[in-house]
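Good morning, and thank you for coming.

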Amino acid sequence: MTKATYQKPTIIRHQGGLSQKFGRPTRRASMERIDGVPVEELMEKYGSPLFVFSERTIRERYRQAHRAFSIRYPKVQFAWSYKTNYIDAICRIYHQEGSWAEVVSDMEYDMARRLGVPGNQILFNGPLKTEEALRRAFKEGAHVHIDHYDELYMAEQVAKEFDEPVPVAIRVNMDTGIYPRWDRFGFNLDAGEAFNAVMRMHSGGKLKIAGLHSHIGTFILDPQAYGRAASKLAELAKRIKRETGEVISYIDLGGGLPSRSTLHEQYAPGTDSTPPIDDYAAAICDALLGAGFPTDELPTLFIESGRALIDDAGTMITRVVGNKRLADGRRAVIVDAGVNTLFTSFWYRHDILPVHDKGGMPEDTVIYGPLCMNIDVVRPSVSLPPLSAGDALVIRPVGAYNVTQWMQFIRLRPPVVLIGEQGEVDVIRRAECVDDIKGPEQLPERFVEKRHVRVVG
Ligand SMILES: *Cc1c(COP(=O)(O)O)cnc(C)c1O
């Protein structure tokens with residue numbers, strides 16, 4: 001008997017498309033309306049591409065999340081993460097719901113103040129705060145979270161201008177079982193640096209430690225990581241009380257809770273694999289309540305959640321520009337919204353649905369944007385029915401980060417509309433025009449062209 005030759009096992013790519021051994025791929029749904037408003041109507045009126053936000057979803061998600069924490073802990077304050085979406089109308093909704101502002105730069109600080117947020121309802125994070133920004137924040141009673149020793153020193157110099165010690169918090173990083181560890185922001189706890197920073201501050205007498213802040217990462221799928229962070233911060237707070245007598249009035253667990261988007265590397269869709277917000281609330285609140293604070297010294301819990309609150313509320317409407325066959329036989333579709341407006345395509349497998357279900361066999365498709373750039377891929381692989389130029393598609397969820405990280409590379413940024421709770425539609429950011437881009441430029445006198453007027457006669 002001859003021995004069969006060994007054959008190396010191979011993994012064959014599962015093609016979504018024609019029938020295979022699992023049967024036909026499930027038909028994708030279509031999406032004709034957003035909050036009851038026909039997508040075609042929105043597109044006719046405001047053009048394509050178009051960002052659409054749902055006020056109802058924003059308020060619903062906020063209330064669910066706030067409730068998850070406040071049923072478990074008596075002192076909870078949310079602060080809206082401006083960098084996740086700082087369009088005025090969006091921020092205003094969160095402020096109406098009771099949220100403070102969480103800002104990470106002096107630009108964002110200005111945005112919050114312009115919108116009428118009082119200084120004492122601003123949490124000021126970020127690794128770069130100018131002396132001017134610190135002075136203003138101290139004057140206005142903002143909650144400044146010190147990031148590093150040089151900033152601590154600068155804050156101390158500025159605090160000398162005030163009669164009383166200025167209350168500040170420090171940002172703390174630590175091992176919570178999440179890797180790679182976010183240790184570039186704040187003072188490390190495990191190595192004792194966070195405590196030393198507090199002692200340094202205490203001995204200087206110009207600053208007064210009032211809070212502890214951490215933001216352990218983003219899109220954290222393990223609620224227990226927050227439980228560990230909360231326990232460690234609580235321990236630090238108790239040690240500070242023991243050794244300096246200072247009572248920590250708030251503990252801030254930052255943001256980073258995942259939305260229901262699907263990461264590229266995730267197998268199951270985000271709607272199935274993202275733990276409910278209640279699990280995060282339980283992990284954090286249990287840790288704080290179990291830490292043994294005297295009742296009258298229970299710190300307020302701050303939460304700076306961004307993407308988990310807004311992502312689902314945003315949808316992009318886009319139009320098919322054309323179809324292509326790539327050299328390897330794959331089907332490609334070009335749409336008018338690329339990574340210039342959908343920055344989160346780099347991280348997420350966004351849902352892409354036709355607005356009208358016209359039938360036909362779905363086929364594995366690459367979705368390209370309109371840029372002259374190889375990286376402009378909205379989805380490397382998605383099963384879609386046949387589409388023709390002009391057909392409308394919706395891409396979702398896209399509410400987080402896109403309207404702050406978008407760029408005007410070769411195209412103007414599209415308008416953003418908000419659908420109100422009664423179905424009314426308002427433009428909350430108009431489409432850009434060339435003057436918006438060219439406005440700040442200046443052409444030096446020597447480059448200004450003299451137009452010669454030819455005299456005829
Ligand atoms: C970005 C950021 C947030 C919000 O993060 P999400 O992942 O959107 O929840 C909160 N706090 C700080 C300090 C941040 O930098």
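Predicted model: local features only at pLDDT ≥ 70, side-chain atom pairs only at ≥ 80, totals over all residues.

Residues are numbered from 1 along each chain as its sequence is written, and side-chain values use heavy atoms, with hydrogens and water left out.

The second largest pocket holds about 520 Å³ of space. It is lined by 25 residues, and Lys83, Val104, Trp182, His215 and Tyr401 are the closest to its centre. A pocket here is an open set of points on a 1 Å grid over the protein atoms alone, with protein on both sides within 12 Å along at least five of seven lines, and lining residues have an atom within 4 Å of a point. Because domain 1 (33–52 + 313–433) and domain 2 (125–305) both contribute residues to this lining, the pocket lies between them; the domain bounds come from an automatic or database assignment.

Which residues are closest to the ligand? Among the 16 that surround it, they are Lys83, Thr218, Gly256, Glu304 and Tyr401, a residue being counted if one of its heavy atoms lies within 4 Å. By class, this shell has 1 nonpolar, 10 polar and 5 charged residues, with Gly counted as polar, and Trp and Tyr as nonpolar.

Turning to polar contacts, these are pairs of N or O atoms within 3.5 Å. A side-chain N or O atom of Lys83 is 2.6 Å from an oxygen atom of the ligand. A nitrogen atom of the ligand lies 2.6 Å from a polar side-chain atom of Glu304. A polar backbone atom of Gly306 is 2.9 Å from an oxygen atom of the ligand. On its own the ligand has 390 Å² of accessible area, of which the protein covers 95%, by the Shrake-Rupley method with a 1.4 Å probe.

Notes:
Polar contact = N/O pair within 3.5 Å; in protein donor to acceptor, adjacent residues only side chain to side chain. 1 Å grid on protein atoms, 1.4 Å probe; cavity = no way out; pocket = protein on both sides within 12 Å on 5 of 7 lines; lining within 4 Å. Points joined across faces, edges and corners; volume = space filled by probe spheres on them.
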